[in-house]
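Please read them alongside the model.

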Amino acid sequence: MGSILRFRKLCFLEPVKCSDLSEKKASIKFDDEKKSFEIPKIENKDKGLLEEKKRKKRPNKEWRCIDSCCWVIGYICTIWWLLLFLFHCLPANLPGLKVPEPPGTRLQREGLTALHPVVMVPGIVTGGLELWEGRPCSEGLFRRRLWGGSFTEIFRRPMCWLEHLSLDNETGLDPPGIRVRAVPGLVAADYFAPGYFVWAILIENLARIGYEGKNMYMAAYDWRLSFQNTEFRDQTLSRLKSKIELMYVTNGNKKVVVVPHSMGVIYFLHFLKWVEAPPPMGGGGDPGWCAKHIKAIMNIGPAFLGVPKAVGNILSAESKDVAFIRAMAPGLLDSEILGLQTLQHVMRVSRTWDSVISLIPKGGETIWGNLDWSPEEHQVCDSAKKKYQQAFDNNGNNSDSRTRFQIQEPTKYGRIISFGKLVSDLPSSQLPTLDSKKQEFMRNHSTSNSNAACRGVWTEYDEMSRENIRRIAENKAYTMKSLLDLLRVIAPKMMKRAEAHFSHGIAENLDDPKYNHYKYWSNPLETKLPDAPDMEIYCLYGVGIPTERSYVYKQSPSVRCNSIPFQIDSSADGSDNSCLKGGVYFVDGDESVPVLSAGYMCAKGWRGKTRFNPSGISTYTREYKHKAPANFLEGRGSESGAHVDIMGNVALIEDVLRVAAGASGSELGRDRIYSDIMKMSKKINIRL
């Protein structure tokens, strides 16, 4: 039987051989004793002839798109390494190549020395995660980094890697048989990947004025979990409390300077409430714990009021960068031929991370605007016009000329999601409303919509009917009020799980006992700052970079394996002076966090004695104007205002070092503001 199958394969793949054999009257006989066919041997001459014919029929290799991409990447890498080699070989005193003196060296020469212990709190994504227990596919990865570092496991075993980074979709904790934990120590977040610094530059400069392991600590935590679950599973908050108390005692009763970044800002805000709350929900510290142990909190790139890009992540696993890739290479991310389904995998994993919900914009329409209004509605996006307008604002005259350089129709940023470019500009009277009946229909009428061939990349969209999807797009525009209802429809499991840990409203009465629950502690609009009048709070963030604020969406093309029915409409562009580019409306910010979210609490919400700051803790707003590096040799720049690159900003590092060495906010020069945060804050009508 085996000989028959081999013969069929031979004739199917090489019909020429069969014909040649027939020309020579080669006979195939059946051997009764062996119960098999006897195939005569082919002479060497015949073999050579067949191989020659095969070579002639072989088509020339076509040049594919992937080949071009590989060559381009190769050229870029080669040129980069060549420039880097030349940079290190050429004399340092050549013009443009002289490395600026680190701020720590200069301040140490001025006499600054380590005084207050420093605690650093990393944000989402930037902290390393390592494997402690895994499935059989993770053999050999014990205590190896799954997140951060070289990311080699993405290429070696991508599905195994995704499986171990996911959390349980019901509990938000570890899946059975998997334990992934935060990498401890300063190495947890000094570099995100080889050569890509996060905290490394700040750590190095702190070391130059005398800091070391005994008075400097990285409060690493599993950034995928809800904040209270980091305590429930890992006792992270308890260990942070003990570490601050130890550093306070072992450093001559010097108060601690805390430096959180990004999501770490609201994580530490949660800690401030937790540490003084009674057990079992809280840490059991007395009401004066914060006043005794903390000198200052220097919030870098704070996401106090959330970030709109978190909405895009939940809705379609997208941001402006993904939309750009789709525009440049249509079909790459969703190709049925390649079968990558990249965004489906990203959505499936990220929707198990409760921390994503903590970054949804807080404050509703009061903060982020409604269908017709927003605090940034007169944002000027064209740089030339912006400079011209600022000049007139400073002079305070010629208002007629200034009017000509403003956008005629205010941008409706309050419409966080608009289905169609036209909808983003229409008067609210012409827009349909998402009434309660339509919401109830979408919640209760869901049917399986997945294809059997694609069940390996299941998302919650697979449980929604096409009718539901059509109705969502029909509503046309969503503000923060209706957007939360939308998220409960498209991601019901995620929202049900995460909303037990986070809240996004504004408190009417902060003395209401319900606000003693931990779900309110990370929302600055639903919690009070501790009673610590001598403590200082800083908001340190970059400005001058277009930052995502709202989006224009469309329904995705109907593809067999694409279970994400919506995507950013990258073809939606405004005029030359418009803030709409590639389906995204931009405002001022640090590329990730809008100025409104980063600066409002320090500029107004906590300024002086308010119901959110009853003890009158001093707040300072320090902005850093973005300046891009002049050339490739400057790397990511020493004056960058970008969300992560600001960690290498010389001015910011100097501010942190001076406060750690004992300076106060008034000695730094109090506020330093370049943006319109004060004007925006005045437009927000909130009871203080």
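1. A crossing of two helices is called right-handed if the near helix is turned clockwise from the far one by less than a right angle, and left-handed if it is turned anticlockwise. In this predicted model, the crossing of helix 8 and helix 25 is right-handed.

2. Helix 8 (residues 200–208) packs against helix 25 (residues 650–660) at an angle of about 45 degrees, and their axes are 10 Å apart. The two helices are therefore oblique to each other.

3. On the helix 8 side, the contact is made by I201, L202, N205 and L206, which meet I653, V656 and L657 of helix 25. Classified by type, this contact comprises 6 nonpolar residues, 1 polar residue and no charged residues.

4. A second pair is formed by helix 13 (residues 309–316) and helix 15 (residues 342–350), whose axes come within 8 Å and cross at roughly 110 degrees. Angles of 65 to 115 degrees count as roughly perpendicular, and helix 13 and helix 15 are therefore described in that way.

5. In this second pair, N313, I314, L315 and S316 of helix 13 meet L343, M347 and S350 of helix 15. The contact contains 4 nonpolar and 3 polar residues, with no charged ones.

6. The largest pocket has a volume of about 1800 Å³. It is lined by 47 residues, of which V125, W147, N313, S319 and V346 are the closest to its centre. Helix 15 provides the largest share of the lining, 6 residues. By class, the lining has 28 nonpolar, 11 polar and 8 charged residues.

Notes:
Residues numbered from 1 in each chain as written. Predicted model: local features only at pLDDT ≥ 70, side-chain atom pairs only at ≥ 80, totals over all residues. Heavy atoms only, no water. Axes fitted to C-alpha atoms, helices over the stretch in contact; angles between N-to-C directions. Helix = DSSP H or I, 4+ residues; strand = E, 2+ residues; numbered from the N terminus. Parallel < 35°, antiparallel > 145°, perpendicular 65-115°, else oblique. Contact = heavy atoms within 4.5 Å. Nonpolar A, V, L, I, M, F, W, Y, C, P; charged D, E, K, R; others polar. 1 Å grid on protein atoms, 1.4 Å probe; cavity = no way out; pocket = protein on both sides within 12 Å on 5 of 7 lines; lining within 4 Å. Points joined across faces, edges and corners; volume = space filled by probe spheres on them.
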